[in-house]
Amino acid sequence: MKKNKLNLGELLGVYLEQDPAATSKLSVLINYPGVHAIIVHTLSHALYEKGLNSLARFISQVSRFFTGIEIHPGANIGRNLFIDHGMGIVIGETAEIGDNCTIYHQVTLGGTGKDKGKRHPTLGNNVMIATGAKVLGPIYIGDNSKIGANAVVLKDIPENSTAVGIPAKVVKSRV
C-alpha cells in the first residue's frame, strides 16, 4: 500500500464538507490541527522512506507537541483523511489508512505488544472510527465500516459493518 500523497486543496475541501464549523479553506488551513498533522506527516514519511528515521521521528514529535496528534512517520495514510478534534490520536508505525477515512479524538490505531513486523491495524476506504476507540493489532477494518465510540477492536471487521463494545462486536452489516 503506497499512500501519503497530499493534495492540499482537495484535503481542505474535505474539511469544509465534513465540518459544519469550517468557514473557508484559509480558516481550515490556519486553524485545524488535523490538517497540520497530515501536512507534517507527509514530510516526515518522505524522510522515513529515505532512511532518515531520526529526523523523521523528531519532526513527527514536534508535530505531536503542537497538534496533540501522534502519527508515526512509518504509517501509510491514504487521501483525504479527516481528523476531527484530533487531540489524543495515536497512529502506529505499521498502520495503514485507506482513502476518505474519518478519525475522531482519542482514537488509537496501535499494537498489542504481541506481534513483530506488521503490528498495527489497516483501515480500508471510507472507514469511520469514533471517539475513544482503540483498534489494536494487525487487523483489518473493511471498506465503509464504522467503529463506535470507545470500542476496543481486536479482530477483523468485515466491510460495510458497524462494530461497537468492549471487545467490539459487529452489530450491523450491509451487504
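T108 counts as buried, because its relative accessibility is 19% and buried means under 20% relative accessible area, with exposed over 50% and partly exposed in between (1.4 Å probe, protein chains only). This is a predicted model, where local features need pLDDT of at least 70 and side-chain atom pairs count only at pLDDT 80 or more, while totals for chains, interfaces and linings use all residues. Residues are numbered from 1 along each chain as its sequence is written, and side-chain values use heavy atoms, with hydrogens and water left out.

**Around T108**
- T108 sits in strand 7 (residues 108–110); strands (E, at least two residues) and helices (H or I, at least four) are DSSP runs numbered from the N terminus.
- Leaving aside residues up to four places away in sequence, T108 touches V90, A133, K134, V135 and L136, where contact means heavy atoms within 4.5 Å.
- From C-alpha to C-alpha, A22 is 25 Å away from T108, and the two are 86 residues apart in sequence.

- Strand 7 runs parallel to strand 10 (residues 134–136), and 3 bridges join them.
- Across from L109 you'll find V135 in strand 10.

**L52**
- Look for L52 in the loop between helix 3 (33–49) and helix 4 (53–67).
- L52 is partly exposed, at a relative accessible area of 41%.

Note on methods
Two strands pair if DSSP finds at least two bridges between them.
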